[in-house]
Amino acid sequence: MIIVSICVGSSCHLKGSEEIVELFQKTLEERGLQDDVVLMGSLCMGKCNRVGVTIQVDDDIFPGITVAGFAEFFEKNIVARLKAEA
Ligand code: FES
């Protein structure tokens with residue numbers, strides 16, 4: 001089980017938090033991973049970036065996640081992590 005917090009603070013909100021949340025939910029459904037990942041929203045994590053949204057995966061924080069970079073982020077930090085946990 002992985003805990004993911006997507007920042008919905010004002011800076012990240014302006015840089016597409018809502019889109020990232022939707023993309024995350026859609027991708028989890030498509031991959032059948034809804035039961036393996038807990039998705040939450042979070043206030044500012046103090047990692048506001050000029051580009052993209054901050055996402056925390058368990059204890060690791062990744063700033064600057066964009067829609068364009070989402071697929072790579074998901075493979076590296078969600079799918080690979082779940083495989084490592086299994
Ligand atoms: S608003 Fe998201 S890290 Fe600051």
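A disulfide is a pair of cysteine sulfur atoms within 2.5 Å, and by this rule the count comes to zero disulfides. The model is a predicted one, in which local features need pLDDT of at least 70 and side-chain atom pairs count only at pLDDT 80 or more, while totals for chains, interfaces and linings use all residues. Residues are numbered from 1 along each chain as its sequence is written, and side-chain values use heavy atoms, with hydrogens and water left out.

**View 1. Cys 7 and Cys 12.**
Burial is judged by relative accessible area: buried means under 20%, exposed over 50%, and partly exposed in between (1.4 Å probe, protein chains only). Cys 7 is buried, at 2% relative accessibility. Cys 12 is buried as well, with a value of 2%. Accessible areas come from the Shrake-Rupley method with a 1.4 Å probe, and for residues only the protein chains shown count as cover.

**View 2. The sheet.**
Helices (H or I, at least four residues) and strands (E, at least two) are DSSP runs, numbered from the N terminus. Two strands pair if DSSP finds at least two bridges between them. Four strands make an open sheet with mixed pairing, in the order β2-β1-β3-β4. Because β2 and β4 stand at the edges with a single partner strand each, one side of each is left without a neighbour in the sheet. On average, neighbouring strands of this sheet are turned by 20 degrees against each other, direction ignored. For such angles, axes are lines fitted to C-alpha atoms, for helices over the stretch in contact, and angles run from 0 to 180 degrees between N-to-C directions.

**View 3. Strand β1 and its partners.**
Strands of a sheet pair through backbone hydrogen bonds, either parallel or antiparallel. Strand β1 (residues 2-7) has five of its six residues buried. With strand β2 (residues 37-42), β1 pairs in the parallel sense over six bridges. Ile 2 has Val 37 in β2 as its bridge partner. β1 and β3 run antiparallel and are joined by three bridges. Here Val 4 stands opposite Val 57 in β3, and Ser 5 stands opposite Gln 56 in β3.

**View 4. The β3-β4 hairpin.**
Strands β3 and β4 pair in the antiparallel sense over four bridges. The bridge partner of Gln 56 in β4 is Ile 61. Two residues lie between the strands of this hairpin, and Asp 58 in the turn has a positive phi of about 50 degrees.

**View 5. Salt bridges at Asp 58 and Arg 81.**
A salt bridge is a side-chain nitrogen of Lys or Arg within 4 Å of a carboxyl oxygen of Asp or Glu, and the structure holds five of them. One of these joins Asp 58 to Arg 81, with the closest N and O atoms 3.7 Å apart. This pair links distant parts of the chain, 23 residues apart: Asp 58 is in the loop between β3 (53-57) and β4 (60-65), and Arg 81 is in helix α3 (residues 67-85). Asp 58 is partly exposed, at 25% relative accessibility. A network of salt bridges links Asp 58, Asp 60 and Arg 81.

**View 6. Salt bridges within helices.**
In helix α2 (residues 17-31), Lys 26 and Glu 30 are four residues apart, which means a separation of about one helical turn. Their side chains meet in a salt bridge with an N to O distance of 3.9 Å. Lys 26 is partly exposed, with a relative accessible area of 47%, and Glu 30 is exposed at 57%. In helix α3, Lys 76 and Glu 72 are likewise four residues apart, about one helical turn. The side chains of Lys 76 and Glu 72 form a salt bridge of 3.1 Å, N to O. Lys 76 counts as exposed at 55% relative accessibility.

Asn 77 belongs to helix α3 and is buried, at 14% relative accessibility.

**View 7. A nonpolar surface patch.**
Met 1, Ile 3, Val 38 and Met 40 make a nonpolar surface patch of about 350 Å². Patches are made of residues with over 30% relative accessible area and no salt bridge; like charges are joined within 9 Å, and nonpolar side chains (Val, Leu, Ile, Met, Phe, Trp, Tyr) within 5 Å. Val 38, in strand β2, is partly exposed at 33% relative accessibility.
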